[in-house]
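I opened a new model today and kept notes as I went.

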Amino acid sequence: LYGNIDILRPYFDVEPIQVRNRLVESLIPVRMINFPQKVAGELYGPLMLVFTLVAILLHGMKTSGTVIREGTLMGTAIGTCFGYWLGVSSFVYFLGYLCNAQITMVQMLSLVGYGLFGPCVVLMVTYNVHLHSLFYLLWLIVGGLSTLRMVAVMLSRTVGQTPRLTVCGVLTVLHMVFLLYLHFAYHRIVEGTRVEQTYGPAPLGRLFRRLERRLSEWNTHTHIHTHIVSFTRPLCRRGTGQAGGALSE
């Protein structure tokens with residue numbers, strides 16, 4: 001047991017100031033790509049960023065007004081975040097291995113993990129300020145900067161024009177599309193959950209919503225008809241009285 005802990009200890013032995021500096025550097029693209037750029041070989045910062053992204057996704061679902069079981073919500077958020085981190089890191093590492101990129105698996109996990117700092121900032125702001133224009137602006141600026149940082153590091157560690165375009169193109173598409181997915185797909189999941197909780201499954205929910213709309217329209221028409229009758233009834237009585245007086249004369 002102690003031997004296994006000693007194996008993992010170097011990957012989590014990091015000072016807080018180093019994590020802070022790497023968070024800031026994750027949004028600053030490097031300019032020199034002629035020689036391999038240094039990549040941190042620790043997993044403490046990336047792991048904390050993944051848990052932070054999980055908390056942000058939970059916050060976004062909570063503030064949407066949906067009440068569902070905590071286990072399902074937590075499991076979906078954890079599966080999405082850890083699935084992206086481990087899946088994309090493994091896929092890009094395998095692609096880089098085929099293209100002779102000079103990077104290890106731990107360095108790839110660290111690079112993609114620190115790249116999640118940009119999505120964390122974007123989602124934290126846009127989950128509280130519901131403006132699509134603001135999201136697209138932050139998506140291009142903050143998300144683009146974090147993507148450019150990872151792309152620049154991979155460019156410096158890959159030889160050849162075609163391998164560079166392949167690895168960096170795949171990494172760019174995956175990272176930017178993942179941020180779009182976190183913004184839009186989770187709102188769609190929340191909306192669907194709210195409908196199912198209120199009305200039941202989707203086909204039955206549509207039927208009940210249509211019935212509710214028809215009933216509200218019928219109640220509105222009935223209310224208007226009642227007002228018209230209550231307004232015209234005294235006039236009819238007054239007209240009948242005047243007609244009876246004229247006949248008596």
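**Entry 1: the pocket lining.** The model is predicted. I asked which helices each supply at least two residues of the lining of the largest pocket. I found helix 2 (16-25), helix 5 (105-114) and helix 7 (132-156). Helix 7 gives the most, with four residues.

Entry 2: I looked up the volume of the largest pocket and got about 290 Å³. The lining has 16 residues, and the closest to the pocket centre are Arg22, Glu25, Lys38, Ala40 and Arg149. I then sorted the lining by class. I noted seven nonpolar, five polar and four charged residues.

**Entry 3: Arg22 again.** Arg22 is among the residues closest to the centre of the largest pocket, so I checked its contacts because its relative accessible area of 24% makes it partly exposed. Arg22 forms a salt bridge with Glu42. The closest N and O atoms of the pair are 2.9 Å apart. I placed both partners: Arg22 lies in helix 2, and Glu42 sits in the loop between helix 2 and helix 3. The pair therefore ties together parts that are 20 residues apart in sequence.

How many salt bridges does the structure hold? I count one.

**Entry 4: cover on the two partners.** Is Glu42 buried or exposed? Glu42 has a relative accessible area of 4%, so I logged Glu42 as buried; the cut-off for buried is under 20%. Arg22, at 24%, goes down as partly exposed.

**Entry 5: a nonpolar patch.** A nonpolar patch of about 550 Å² is made by Ile7, Leu8, Phe12, Tyr44, Met48 and Phe51. I asked which helices each supply at least two of the patch residues. The answer is helix 1 (2-12) and helix 3 (44-62).

Tyr44 is found in helix 3. Its relative accessible area is 34%, so I have Tyr44 as partly exposed. Patch residues need over 30%, and Tyr44 passes with its 34%.

**Entry 6: the whole chain.** I finished with the overall layout. The protein chain has nine helices and zero strands. From the N terminus on, I read the elements as α-α-α-α-α-α-α-α-α. What share of the 249 residues counts as buried? I wrote down 34%.

Definitions and conventions. Residues are numbered from 1 along each chain as its sequence is written. This is a predicted model: local features need pLDDT of at least 70, side-chain atom pairs count only at pLDDT 80 or more; totals for chains, interfaces and linings use all residues. Side-chain values use heavy atoms; hydrogens and water are left out. On a 1 Å grid over the protein atoms alone, a cavity is a set of points where a 1.4 Å probe fits but cannot get out, and a pocket is an open set with protein on both sides within 12 Å along at least five of seven lines; lining residues have an atom within 4 Å of a point. Grid points are joined across faces, edges and corners, and a volume is the space filled by probe spheres set on the points. Ala, Val, Leu, Ile, Met, Phe, Trp, Tyr, Cys and Pro count as nonpolar, Asp, Glu, Lys and Arg as charged, and the others, Gly among them, as polar. Patches are made of residues with over 30% relative accessible area and no salt bridge: like charges are joined within 9 Å, nonpolar side chains (Val, Leu, Ile, Met, Phe, Trp, Tyr) within 5 Å. Accessible areas come from the Shrake-Rupley method with a 1.4 Å probe; for residues, only the protein chains shown count as cover. A salt bridge is a side-chain nitrogen of Lys or Arg within 4 Å of a carboxyl oxygen of Asp or Glu. Buried means under 20% relative accessible area, exposed over 50%, partly exposed in between (1.4 Å probe, protein chains only).
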